[in-house]
Amino acid sequence: MAEMGSKGVTAGKIASNVQKKLTRAQEKVLQKLGKADETKDEQFEQCVQNFNKQLTEGTRLQKDLRTYLASVKAMHEASKKLNECLQEVYEPDWPGRDEANKIAENNDLLWVDYHQKLVDQALLTMDTYLGQFPDIKSRIAKRGRKLVDYDSARHHYESLQTAKKKDEAKIAKAEEELIKAQKVFEEMNVDLQEELPSLWNSRVGFYVNTFQSIAGLEENFHKEMSKLNQNLNDVLVSLEKQHGSNTFTVKAQPSDNAPAKGNKSPSPPDGSPAATPEIRVNHEPEPAGGATPGATLPKSPSQSSLPAVVVETFPATVNGTVEGGSGAGRLDLPPGFMFKVQAQHDYTATDTDELQLKAGDVVLVIPFQNPEEQDEGWLMGVKESDWNQHKELEKCRGVFPENFTERVP
């Protein structure tokens, strides 16, 4: 008996869902053709436009902030390698070696601290700010569906009242459905009318706090980095002073084919380098007239010798991408199966055409029978457990908010 009762409830739900979809579709067609009036709220529509603009701006800011953090990380790696190179060429008997090593360590710590503070004070705040948008977006879409239901119930009630042959029983039932549809719509409408303007106004304070944090962290970072660079410059100046008056002789290393001492070096064949002459390096200034006793090496490398910095970028991910129906024709999956999702949070259905979800439920996503019925942020599907038990879409399928779920293989 319990099983029959369950089947009866399921059959009633199916019939209700089918009727509601047909009614909505019919109402939308009549409104598009101008044969039925549509409830308009210009103030709310402006709030929705502001919401979409705010979401677009916030998403772009999040993307650019992630790119900035990736660049900071790449600069850290480049700076670290440059300091490692200095440590390798800095000979043990040169003065200031320990100081140069300590400066390199502090340089590395400063980069790490800067990156972490940017994540904590800017990126995480950005993620929290954007985290409130998906739920509100799904509620806006649901409000739109409830508005269609309200308009449909209103038109049905008006048509019964103006009919030549009045049926009081039908009129009373239509009035009851109208009052119910109006209550559901107005409850959602009132909440959004309060939340959307508040969310729109909050953007100013959020932008101010975010960019103030970034500017303050960057200013402090460059101050501390400037001190380290000045200390490194002092160490190198001290090294130059102690070795500046010395003259170093740099001789070419003899090759296996080099002639013995005292013999003339033969002319090199075409295209081969000549024997390397002895080079004398002198730090003394050039005498008047430009004549130099030896070739003078520059004190610092040219800019062209510095390594290029490669910035690693990360591709953006888009949630809810619909792929081709990989399950079409398979007996163990519903017709038109596209992909699976798993509920990350509980969702309480507020309408007969919606799925009731518990965290952990796996849902098989299928296409809408009529694509025009799909609202943004909502998917059609059947819980995997229900499908495995019944194998009948009409008994099990329903709509659910995409942002309560996560795509799974």
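## Two helices side by side

Helix α2 (residues 42-89) and helix α3 (residues 97-130) pack with their axes 10 Å apart, at an angle of about 170°. Angles over 145 degrees count as roughly antiparallel, and α2 and α3 are therefore roughly antiparallel to each other. Sort the residues of this contact by class and you get 18 nonpolar, 11 polar and 6 charged. Keep in mind as you look around that this is a predicted model.

## The whole protein

Stepping back, what does the protein contain in the way of helices and strands? There are 7 helices and 7 strands. Walk along the sequence and they come up in the pattern α-α-α-α-α-β-β-β-β-β-α-α-β-β.

The protein has 409 residues, and 30% of them count as buried. Its accessible surface is about 27,000 Å², with 54% of that belonging to carbon and sulfur atoms. As for who touches whom, take the contacts between residues at least 6 apart in sequence: 71% of these join residues at least 24 apart.

## Another helix pair

Now find helix α4 (residues 133-161) and helix α5 (residues 168-243), whose axes come within 8 Å and cross at roughly 150°.

## A closer look at Gln54

Gln54 is part of helix α2. Is Gln54 buried or exposed? Its relative accessibility is 0%, so Gln54 counts as buried; the cut-off for buried is under 20%.

Which residues does Gln54 touch, not counting those up to four places away in sequence? They are Tyr129, Phe133, Leu199, Trp200, Ser202, Arg203 and Tyr207.

Asp361 has a relative accessible area of 21%, so it is partly exposed.

Leaving aside neighbours within four places in sequence, Asp361 is in contact with Val341, Gln342, Ala343, Gln356 and Lys383. Asp361 and Ser385 are 24 residues apart in sequence, with 8.3 Å between their C-alpha atoms.

Notes. Residues numbered from 1 in each chain as written. Predicted model: local features only at pLDDT ≥ 70, side-chain atom pairs only at ≥ 80, totals over all residues. Heavy atoms only, no water. Helix = DSSP H or I, 4+ residues; strand = E, 2+ residues; numbered from the N terminus. Buried < 20%, exposed > 50% of the residue type's maximum accessible area, 1.4 Å probe, protein only. Contact = heavy atoms within 4.5 Å. Axes fitted to C-alpha atoms, helices over the stretch in contact; angles between N-to-C directions. Parallel < 35°, antiparallel > 145°, perpendicular 65-115°, else oblique. Nonpolar A, V, L, I, M, F, W, Y, C, P; charged D, E, K, R; others polar. Areas by Shrake-Rupley, 256 points an atom, 1.4 Å probe, with all protein chains shown as cover.
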